Amino acid sequence: MQTVTATLQALARGEVSSRELTADVLQRIERLDPLVRAFLTVTPEAALAAADEADRRRAAARRTGEPLPPLLGLPIAVKDVLSTRGIRTTCGSRILENYIPPFDATAVARLKAAGVVIVGKTNTDEFAMGSSTENSAYGVTHNPWDLERVPGGSSGGSAAAVAARMVPAALGTDTGGSVRQPASFCGVTGLKPTYGRVSRYGLIAYGSSLDTVGVLTQTAEDAALFLHLMAGQDPLDATSMDVPVPPPTLQRREDFRGLRIGVPREYFTEGIQPEVAAAVRAALDLMADLGATIREISLPHTEYAVPVYYLIAPAEASANLARFDGIRYGPREEAETMWGVFYRTRGRLFGPEVKRRIMLGTYALSAGYYDAYYGQAQKVRTLIKRDFERAFEEVDMIAAPVAPSTAFRIGEHTGDPLSMYLEDVFTLPANLAGVPGVSFPVGFDDISLPIGLQLMGPHFREDLILEAAHLYQQATDWHHHQPDPTEDEE
Amino acid sequence: MALTREEVIHIAQLARLELTEEEIARYREQLSDVLDYVARLQGLDTRDIPPTASVLPPRTVLREDEPRPGLPREEVLANAAETEAGQFKVPPVFGERG
C-alpha cells in the first residue's frame with residue numbers, strides 16, 4: 001500500500017482503478033485483520049460500489065473534462081466514534097451495538113464529497129476513553145509490529161490499519177492523545193488539529209472542550225491534504241472556527257533554516273525510556289543540522305496535565321454520556337419503570353472504564369466538590385495554556401516525545417487505571433491548550449518497536465508543524481519502514 | 001482521600017448506573033486512588049487565575065432562523081428499542097407497566 005499522494009497519482013494516470021485498489025485493500029484486510037483486529041466493521045459491497053462509481057466518474061471526465069474531486073476513488077477507514085450514515089457506529093461500546101447513524105459526521109461528509117471510498121470502521125477504546133484499545137467491548141487491536149503489544153489508543157484500530165498498510169489513511173480522534181500516541185506506537189504519522197479547526201459534528205462526544213478529529217497516514221504530506229479537505233467552519237458545530245483553511249500541499253521550504261524549535265525540559269523526566277529520549281534527541285540533532293535553531297524551554301505546569309485532564313474530561317464525559325439510556329438508540333435492558341431502564345441499561349452496557357470516568361466526572365461536578373475539583377482543574381488548565389502562549393513567544397514550535405515508552409504489552413496496565421492515565425502525560429497538554437500536534441516516527445527501540453516525536457504549534461499553525469515533519473521525512477526513511485504482522489505466526 | 005461505600009453508591013445513583021457489589025468495592029478503591037492523585041492540584045495558588053472552559057475566544061454564533069428539514073424520521077426511529085406511532089416509546093415513569 002502506497003502513500004495517499006502516490007495512490008492518487010496512480011489513479012490519475014490510470015495505472016490503477018479504484019476498484020482494483022479497493023479490492024486490494026479488502027484482500028489485505030481479509031488476510032491481515034484476523035491477526036491485527038483493527039476493524040470492527042468492514043463494508044466490502046458498499047466500498048466496491050463506491051469504487052465503481054468513482055471509476056465511472058473518472059472515465060466520463062476524460063471525455064467531458066469535468067473537474068474531479070481530489071480524493072476520488074481513494075479507500076480509507078474511519079474510527080468507530082465518527083458517525084457514518086448507514087454504517088454501524090459502535091464507539092467500541094455494547095450500548096451502541098447496533099446503532100446505524102442517520103447522518104454523516106461533517107469530517108466524513110467532506111471527505112466523501114472529496115471522493116473517498118469508506119472500507120470500514122476501526123476499533124477504539126470505548127467512547128475513545130483509553131490509551132491502548134483494550135477498553136473496546138469488541139476485543140483489543142494488536143500492534144502490527146508485535147502482536148502481543150497494544151497499538152496505543154484510543155485510535156488504535158486506525159493506527160494499526162495504516163501501519164499494516166491495510167489502508168493508505170484512516171480518520172482518528174484526539175481528546176488526550178488518541179491520534180498521536182497510537183501513531184507513535186505503530187510507526188505512522190498522526191495529526192491532531194487545533195481545537196476548532198475541524199467540525200466535531202457527528203463525532204460522538206467524549207470531552208467536548210478537548211475533542212478533535214484527526215487523521216493517520218504514512219506521511220505529513222498526506223495529513224496536510226486531509227486536513228485541507230476536512231477543515232473549516234461548519235454551521236452544525238458552533239466551536240468550528242471561521243479561519244482560513246490550511247493549503248492542500250506544504251510550502252516546501254528547502255530546510256529548517258529560520259525555524260526555532262523549543263524542547264521542554266519537563267518532557268525528559270526520569271520515567272522516560274532511554275531509547276525514546278535518545279531517538280528524539282537524535283531527530284532534533286538532524287533538524288539542527290538542517291538549519292533549525294533548537295532551544296531548551298520550560299512548560300512549568302506540565303506535571304499538572306494528568307490531574308487536570310482526568311477531572312475535566314470525565315466531567316464533560318459524564319454529561320455527554322447521559323444521552324445513552326436505552327430509549328433512543330442501542331439495546332435496552334428491560335425494567336419495570338423508566339428509571340429502572342436507565343440504571344440497568346447504563347450499568348450493564350457501559351464497560352468498566354466508561355463507568356469509572358462517568359463516576360469520576362459526576363463526583364467532580366457534584367455539590368460540595370465542584371469548586372475543589374472541577375473549578376480548580378479549569379483554573380490550572382489556564383496555567384497550562386499560558387505555558388504554551390509564553391513558549392510560542394520564543395519559539396515557532398515545540399518538539400517532544402509522544403509517550404514515555406514504546407508500545408507496552410497487552411494487559412500491562414489493565415489492573416491499575418491510574419498507571420494507564422500516567423501514560424498520557426506528554427499528549428494531554430496539547431489538548432488542554434487546544435494547540436495542534438503531529439506525531440511521526442523517528443526511530444526504533446532495541447526490540448524494533450517504533451518511536452515517535454511530536455511537534456506542537458501555535459493555534460491554527462498546522463502548516464508549520466506539518467512542514468517541519470515533511471522536511472524531516474524528506475531527510476529520513478523511518479516512515480517507510482513497515483511491519484509484517486504475519487511474521488509472528490508459527 | 002478514601003471514598004466510603006455509601007459515597008460510591010451515591011455517585012452511581014447521580015450517574016444512573018446500576019452497579020454490582022463487586023463493582024462498588026472495586027470503584028471505591030480505584031476512584032480513591034485517582035482522587036488521591038488529582039489532589040495535588042489543591043496545592044497550587046489559583047486565586048487570581050480565571051478558569052478555562054474553552055480555549056477559543058468567547059463569542060456567540062448566530063444564524064438565520066430558517067426552517068430546514070430534520071433527520072429522516074424512519075432512520076432515526078430504527079435505532080430505538082421501542083417505538084409507537086412514529087415516536088420513541090418510554091417505559092412508565094411512575095409505577096409498573098399496565
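Figure 1. Helix α2 (residues 18–36) of chain A lies across β1, β2 (75–79) and β3 of chain A. Relative to β3(A), helix α2 of chain A runs at about 20°. The structure shown here and in the following views is a predicted model. One of the paired positions is Val42(A), whose bridge partner in β3(A) is Gly120(A).

**Figure 2. The strands of chain A form an open, mixed sheet.** The sheet holds 11 strands of chain A, in the order β1-β3-β2-β4-β6-β5-β10-β11-β9-β7-β8. At its edges stand β1 (39–42) and β8 (293–297) of chain A; each has a single partner strand, so one side of each is left without a neighbour in the sheet. From one strand to the next, the twist averages 30°. In a regular strand, side chains alternate between the two faces of the sheet.

**Figure 3. Strand β10 of chain A and its two antiparallel neighbours, β5(A) and β11(A).** Strand β10 (residues 437–444) of chain A has 7 of its 8 residues buried, so it is largely enclosed by the rest of the structure. On one side, 3 bridges connect β10(A) to strand β5 (residues 189–192) of chain A, and the two run antiparallel. Within this pairing, Gly437(A) in β10(A) is the bridge partner of Lys192(A). Strand β11 (residues 450–456) of chain A is joined to β10(A) by 7 bridges, again in antiparallel fashion. Here Ser439(A) stands opposite Gln454(A) in β11(A). The hairpin of β10(A) and β11(A) has 5 residues between the strands, and in this hairpin Ser448(A) takes a positive phi near 65°.

**Figure 4. Helix α7 of chain A is largely enclosed.** Of the 11 residues of helix α7 (residues 220–230) of chain A, 10 are buried, so the helix is largely enclosed by the rest of the structure. Among these buried residues are the charged-side-chain positions Glu221(A) and Asp222(A), together with Leu225(A), Phe226(A), Leu227(A), Leu229(A) and Met230(A). Ala220(A), Ala223(A) and Ala224(A) are likewise buried. Just after α7(A), Gly232(A) takes a positive phi of about 120°. An α-helix has 3.6 residues a turn, so residues three or four places apart point the same way.

**Figure 5. The contact between chain A and chain B.** Chain A contributes 56 residues to the contact, and chain B contributes 45 residues. On the side of chain A that touches chain B, at least two residues each come from α9 (305–320), α10 (338–349), α11 (352–365), α12 (371–394) and α13 (417–422) of chain A. The most is given by α12(A), with 11 residues. By residue class, the side of chain A that touches chain B divides into 31 nonpolar, 14 polar and 11 charged residues.

**Figure 6. The overall fold of chain A, as context for the close-up views.** Chain A contains 15 helices and 11 strands. The C-alpha trace of chain A spans about 70 × 60 × 55 Å along its principal axes. A compact globule of 490 residues would have a radius of gyration near 23 Å, and the 21 Å of chain A agrees with this. Of the 490 residues of chain A, 61% count as buried. Among contacts in chain A between residues at least 6 apart in sequence, 75% join residues at least 24 apart.

Terms used. Residues numbered from 1 in each chain as written. Chains lettered and ligands numbered in written order. Predicted model: local features only at pLDDT ≥ 70, side-chain atom pairs only at ≥ 80, totals over all residues. Buried ≥ 20, exposed ≤ 12 C-beta atoms within 10 Å, placed from the backbone. Helix = DSSP H or I, 4+ residues; strand = E, 2+ residues; numbered from the N terminus. Pairing = 2+ DSSP bridges. Rg over C-alpha atoms; globule rule 2.2 N^0.38 Å. Contact = placed C-beta atoms within 7 Å. Axes fitted to C-alpha atoms, helices over the stretch in contact; angles between N-to-C directions.
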